[in-house]
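Please keep the sequence and the model in view while reading.

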Amino acid sequence: MSWLYQGTYRGQELHQHLAAIRRLEPRTEEIHEYLYTCLSVLDTKAQVLLGYDALIMAATSIVLSVVPDGTSVGNGLIIAALATSGVSSMLCLPVVWVQWTDTDEFDQTEDSFNRLLMIRNRRTVSYRVAWAIAHLAALLLIVGTPLH
């Protein structure tokens with residue numbers, strides 16, 4: 001599971017990571033910009049994944065509506081693909097949540113940077129789980145369609 005938490009930091013590692021960012025970006029506004037750029041990258045990736053999930057959902061809906069009703073292994077796999085794609089979409093929603101730095105946080109930059117790093121970590125893990133689940137949904141659809 002190291003792929004899930006790669007690049008996310010907690011505890012002392014979080015402070016060390018922030019110190020490394022400070023060495024690269026010595027000015028406060030550059031650090032703030034860097035952290036928001038990381039969040040923007042995650043937002044963009046999550047939006048693309050939401051589109052991918054929408055395609056999987058549309059494809060599963062079409063397959064389920066074209067083929068006559070019945071109980072089969074393929075039907076179960078396609079329904080599972082629809083459900084897992086929905087779960088992936090739900091996990092992407094918190095990733096694209098708008099996050100602004102409050103006015104008070106500009107006076108407490110250390111707390112603000114720690115909070116932004118924790119938000120980045122949480123959104124990274126959420127995106128990675130959603131990505132894995134979306135691929136599972138596609139696999140279920142690919143395997144389930146011929147069996148349906």
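## Packing of α3 against α4

The axes of α3 and α4 come within 9 Å of each other and cross at roughly 155 degrees, where axes are lines fitted to C-alpha atoms, for helices over the stretch in contact, and angles run from 0 to 180 degrees between N-to-C directions. The two helices α3 and α4 are therefore roughly antiparallel, given that angles under 35 degrees count as roughly parallel, over 145 as roughly antiparallel, 65 to 115 as roughly perpendicular and the rest as oblique. Their crossing is left-handed; a crossing is called left-handed if the near helix is turned anticlockwise from the far one by less than a right angle, and right-handed if clockwise. This is a predicted model, in which local features need pLDDT of at least 70 and side-chain atom pairs count only at pLDDT 80 or more, while totals for chains, interfaces and linings use all residues. Residues are numbered from 1 along each chain as its sequence is written, and side-chain values use heavy atoms, with hydrogens and water left out.

On the α3 side, the residues that meet α4 include Ala46, Leu49, Leu50, Asp53 and Met57, and among their counterparts in α4 are Ile78, Leu82, Ser85, Ser89 and Cys92; contact here means heavy atoms within 4.5 Å. The residues of this contact between α3 and α4 divide into twelve nonpolar, seven polar and one charged, with Ala, Val, Leu, Ile, Met, Phe, Trp, Tyr, Cys and Pro counted as nonpolar, Asp, Glu, Lys and Arg as charged, and the others, Gly among them, as polar.

Serine 89 lies in helix α4, which spans residues 73-92, and it is buried, with a relative accessible area of 12%. Buried means under 20% relative accessible area, exposed over 50%, and partly exposed in between, using a 1.4 Å probe and protein chains only. Leaving aside neighbours within four places in sequence, serine 89 is in contact with Leu50, Asp53 and Met57.

## Packing of α2 against α3

The helices α2 and α3 pack at an angle of about 120 degrees with their axes 9 Å apart, and that makes α2 oblique to α3. The crossing of this pair, α2 and α3, is right-handed. Leu18, Ile21 and Arg22 in α2 meet Ile31, Tyr34 and Leu35 in α3, and the residues of this contact divide into five nonpolar, no polar and one charged.

Isoleucine 21 lies in helix α2, residues 12-24, and is buried with a relative accessible area of 5%. Beyond its neighbours within four places in sequence, isoleucine 21 is in contact with Ile31, Tyr34, Leu35 and Leu117. The C-alpha atoms of isoleucine 21 and leucine 35, which are 14 residues apart along the chain, are separated by 9.3 Å.

## Nonpolar cores

A nonpolar core is a set of buried Ala, Val, Leu, Ile, Met, Phe, Trp, Tyr and Cys residues joined through side-chain atoms within 4.5 Å. The largest such core has eleven residues in all, among them Leu14, Ile21, Leu35, Leu39, Phe113 and Leu117. Each of α2, α3 (28-66) and α5 (109-147) supplies at least two residues of this core. Apart from it lies another core, of eight residues, including Ala46, Leu49, Cys92 and Tyr127.

Leucine 39, in helix α3, is buried with a relative accessible area of 3%. Not counting residues up to four places away in sequence, leucine 39 touches Leu116, Ile119, Arg120 and Arg123. The C-alpha atoms of leucine 39 and valine 96 are 8.6 Å apart, although 57 residues separate the two along the chain.

## Arginine 128

Arginine 128 lies in helix α5 and is buried, with a relative accessible area of 18%. Not counting residues up to four places away in sequence, arginine 128 touches Trp3, Leu4, Tyr5 and Gln6. Arginine 128 and serine 88 are 40 residues apart in sequence and 9.7 Å apart in space, C-alpha to C-alpha.

## The chain as a whole

The protein chain has five helices and zero strands, where helices (H or I, at least four residues) and strands (E, at least two) are DSSP runs numbered from the N terminus. Of the 148 residues of the protein chain, 37% count as buried. Among contacts between residues at least 6 apart in sequence, 85% join residues at least 24 apart.
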